[in-house]
Amino acid sequence: MRTEIRLGSVGNGVGGPEALMLDIIYMYLLHEFNQDVYSHIVINQIGSELDEFVIKEPGNRIHVNIRYPFYEGFEAKSSAEKNLIGLDIIHNALLRIAEYDGRLDVKKIESIREKILKNDFPFEFVYKIHVNRKNPHFLGKVVVRPLIDRFVYSVLIEEDGSEKCRQIILNGRAGYYYA
């Protein structure tokens, strides 16, 4: 099971298609670090007028409202600034969830954040692997590369771990579902 994570905002902040890059990065990294204990995590950035909370919902879902300042002209901020703000919100929300019920490992959540910062946000994840039945030295992989404004799905052919060719099969604008 992979945790589906959605970052949103009640106000002028993170959320929408641009936040989906972080959503998919966390979806894969929570799985990689064995932290996909929830089927769905919803994180909302809120202002001072709303209450913060962590609520478990039916179906192994959890919802977090986290107070984080809204910035004037958020839309005009650079992609790097938006990424860092979104990362900070998700990270703090996951720490709140860990504090709430202890099912998430704080050290692993910290390691995920460090890996994202070390990688400077771009990632490429293997979505599916197909082993050639006639020649197991050949692998076909479908990979996804989430970017702030779009996502790129490619088919990658490998022979004995060496990339032989790569073909983009979908280069699409970010929407609410692409993984």
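Here, a contact means heavy atoms within 4.5 Å of each other. With that in hand, take N83, which touches M21, L22, F121 and I148, leaving aside residues up to four places away in sequence. N83 is found in helix 2, and N83 is buried, with a relative accessible area of 10%. Buried stands for under 20% relative accessible area, exposed for over 50%, and partly exposed for what lies in between (1.4 Å probe, protein chains only).

A word on the model. It is a predicted one, in which local features need pLDDT of at least 70 and side-chain atom pairs count only at pLDDT 80 or more, while totals for chains, interfaces and linings use all residues. Numbering starts from 1 along each chain as its sequence is written, and side-chain values use heavy atoms, with hydrogens and water left out.

**The overall layout**

The protein chain has three helices and eight strands, where helices (H or I, at least four residues) and strands (E, at least two) are DSSP runs numbered from the N terminus. Read from the N terminus on, the order is β-α-β-β-β-α-α-β-β-β-β. Along the principal axes, the C-alpha atoms fill a box of roughly 60 × 35 × 30 Å. Of the 179 residues in the protein chain, 42% are buried. Take the contacts between residues at least 6 apart in sequence, and 51% of them join residues at least 24 apart.

**Two helices side by side**

Helix 2 (residues 79–101) and helix 3 (residues 106–119) have axes that come within 10 Å and cross at roughly 170°. The axes are lines fitted to C-alpha atoms, for helices over the stretch in contact, and the angles run from 0 to 180 degrees between N-to-C directions.

Which residues in helix 2 meet helix 3? They are L84, L87, H91, L94, L95 and A98, and they meet V106, I109, E110, R113, I116 and L117 in helix 3. By class, the contact of helix 2 with helix 3 has nine nonpolar, one polar and two charged residues. Ala, Val, Leu, Ile, Met, Phe, Trp, Tyr, Cys and Pro count as nonpolar, Asp, Glu, Lys and Arg as charged, and the others, Gly among them, as polar.

**Rings**

Rings of Phe, Tyr and Trp (its six-membered ring) pair if their centres lie within 6.5 Å; planes under 30 degrees apart are stacked, over 60 edge-to-face, and the rest tilted. By this rule the count comes to four aromatic pairs. Here are two of them:

| Pair | Centre to centre | Between the planes | Type |
|---|---|---|---|
| Y28 and F125 | 4.5 Å | 10° | stacked |
| F123 and F125 | 5.4 Å | 5° | stacked |

Y28 sits in helix 1 (residues 20–32) and F125 in strand 5 (residues 125–131), 97 residues apart, and their pair links distant parts of the chain. Both Y28 and F125 are buried, and F123 is buried too. Y28, F123 and F125 form one aromatic cluster.

**Two loop residues**

N60 has a positive phi of about 60° although it is not a glycine. N60 lies in the loop between strand 3 (53–57) and strand 4 (61–67), and at 29% relative accessibility it counts as partly exposed. D160, not a glycine either, has a positive phi of about 50°. D160 is in the loop between strand 7 (150–159) and strand 8 (162–173), and counts as exposed at 56% relative accessibility.
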